[in-house]
Amino acid sequence: MKRDALDRDVYNLLGLPFDAVDMDEAVREVIEAVNKKQKLFISTPNLNFLIASQKKSTFRESVLHSDLSIADGMPIVFMCKLLNIPIQERVAGSSLIDELRQNDECRENPIKVFFFGGQDGVAEQAHQVLHDANDGLKSVGYLNPGFGSVDDMSRDEIIDRINSAEPDFIIVSLGAAKGQAWIENNRHRLTAYVISHLGAVVNFIAGTVRRAPNWVQKLHMEWLWRIKEEPTLFNRYWKDGMAFVKLLFSRILPYRSIIKRHQIYSTPQIEPDYDGSNVLLAGDLNFSKKDELREILKKLIIKGDNIALDMSGVRYIDQSILGLLLVSWVKIRQIGCEMRFEGLTDEVHEIVKLNGIEFILKGE
């Protein structure tokens with residue numbers, strides 16, 4: 001049985017969920033999904049993902065609907081450290097693929113990969129490399145759908161061709177926004193267990209673009225290496241850098257100031273009313289109450305009714321609770337119900353605003 005989304009160790013960062021996993025845990029998630037024949041949609045938000053999600057709700061939704069969301073970028077890790085989010089390392093999608101290729105368990109029983117997208121001829125080259133390699137990933141096919149719309153790329157014949165190859169893992173490379181949209185549109189039609197948009201991976205495997213050496217990665221300068229290899233990335237990186245500075249001063253540092261100034265005013269309290277699907281919350285909601293709130297929300301979600309959270313007595317919410325509320329809100333919507341937040345104090349509304357999750361109050 002697929003694990004409950006609420007069981008994830010997930011935290012909110014500017015409206016996106018991030019799982020507190022390291023590389024070994026991410027590798028294990030993929031292997032277990034394949035072995036247990038469970039669906040796993042992996043998103044790899046980097047700074048570009050984060051910025052795009054501030055402007056495009058559909059892009060944000062695709063990450064919210066992920067089963068695993070890993071921090072693919074040092075700016076993400078840096079912001080997490082500022083906000084006391086326990087994500088200590090970058091888990092890059094390209095590094096995840098490298099680890100799977102070298103994994104002993106995968107070498108004994110290779111994970112079957114299908115490449116979807118990529119520039120002309122690149123996916124074919126990547127396919128040939130993995131098809132001929134004796135490592136943990138074995139390519140069983142590739143397909144370049146061209147430059148059509150998501151609908152054009154979602155035709156039955158395309159989905160049937162992918163499924164007929166019987167892959168375990170589909171690596172999508174269509175550009176972040178289109179790739180995430182294509183996955184959202186088709187993942188329930190695809191028989192592969194694991195799917196993720198990993199744009200640069202196809203180029204790295206094919207050898208058309210060289211990945212930064214380990215020493216460059218350790219210096220956190222891979223972005224500079226990427227510009228050297230692909231000069232067209234300069235404009236995107238420049239715009240993302242400017243947007244990052246703006247987010248840092250308008251959202252991250254002001255919330256960090258709240259965290260630093262915060263003193264415990266009152267003991268957190270949670271009082272559920274299972275008959276009415278209401279929950280009364282009070283005090284300072286923090287990690288110590290996460291497990292209790294999680295189990296209450298699980299029971300209420302099973303009921304299949306709208307949930308009302310009375311937050312009139314709440315003075316403070318930390319990132320662990322925000323993350324839990326975020327994934328709970330997503331799950332409630334997926335079963336056709338709503339989660340309402342009632343009586344927010346000015347202090348809590350400011351926290352919600354700075355953390356980029358006002359959309360859960362508006363029901364967007």
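## Ground rules

Buried here means under 20% relative accessible area, exposed means over 50%, and partly exposed is what lies in between (1.4 Å probe, protein chains only). Helices (H or I, at least four residues) and strands (E, at least two) are DSSP runs, numbered from the N terminus.

This is a predicted model, so local features need pLDDT of at least 70 and side-chain atom pairs count only at pLDDT 80 or more, while totals for chains, interfaces and linings use all residues. Residues are numbered from 1 along each chain as its sequence is written, and side-chain values use heavy atoms, leaving out hydrogens and water.

## Helix α12 and its cover

Start with α12, residues 222-229: Glu 222, Trp 225, Arg 226 and Ile 227 are buried there. The cover over the buried residues of α12 includes α10 (199-206), α11 (214-218) and α13 (233-261), with contact meaning heavy atoms within 4.5 Å.

From Ala 243 to Asp 318 you go 75 residues in sequence and 24 Å in space, C-alpha to C-alpha.

## α1 against α5

Two packed helices are described by the angle between their axes and the distance between the axes. Axes are lines fitted to C-alpha atoms, for helices over the stretch in contact, with angles running from 0 to 180 degrees between N-to-C directions. For α1 (residues 23-35) and α5 (residues 93-102), the axes come within 10 Å and cross at roughly 65 degrees. That makes α1 and α5 roughly perpendicular to each other, a label for angles of 65 to 115 degrees.

The crossing of α1 and α5 is right-handed, that is, the near helix is turned clockwise from the far one by less than a right angle. On the α1 side the contact uses Met 23, Ala 26, Val 27, Val 30 and Ile 31; α5 brings Ser 95, Leu 96, Glu 99 and Leu 100.

Strands pair if DSSP finds at least two bridges between them. β8 runs parallel to β3 (residues 40-43) over three bridges, with Phe 41 opposite Ile 195. Four bridges link β8 to β7 (residues 169-173), again in the parallel sense, and here Val 172 stands opposite His 197.

## The β9-β10-β11-β12 sheet

Four strands make an open, mixed sheet in the order β9-β10-β11-β12. Its edges are β9 (269-273) and β12 (339-342), each pairing on one side only. From one strand to the next, the twist averages 20 degrees.

β11 (residues 307-317) runs parallel to β12, joined by four bridges; Asp 310 faces Glu 342 in β12. Packed on the sheet is α14 (residues 290-303), touching β9, β10 (278-285), β11 and β12, with its direction about 15 degrees from that of β9.

## Two positive phi values

Glu 166 isn't a glycine, yet its phi is positive at about 55 degrees. Glu 166 sits in the loop between α8 (156-164) and β7 and is exposed, with 52% relative accessible area.

Ser 277, in the loop between β9 and β10, also has a positive phi, near 55 degrees. At 1% relative accessibility, Ser 277 counts as buried.

How values were computed. Parallel < 35°, antiparallel > 145°, perpendicular 65-115°, else oblique.
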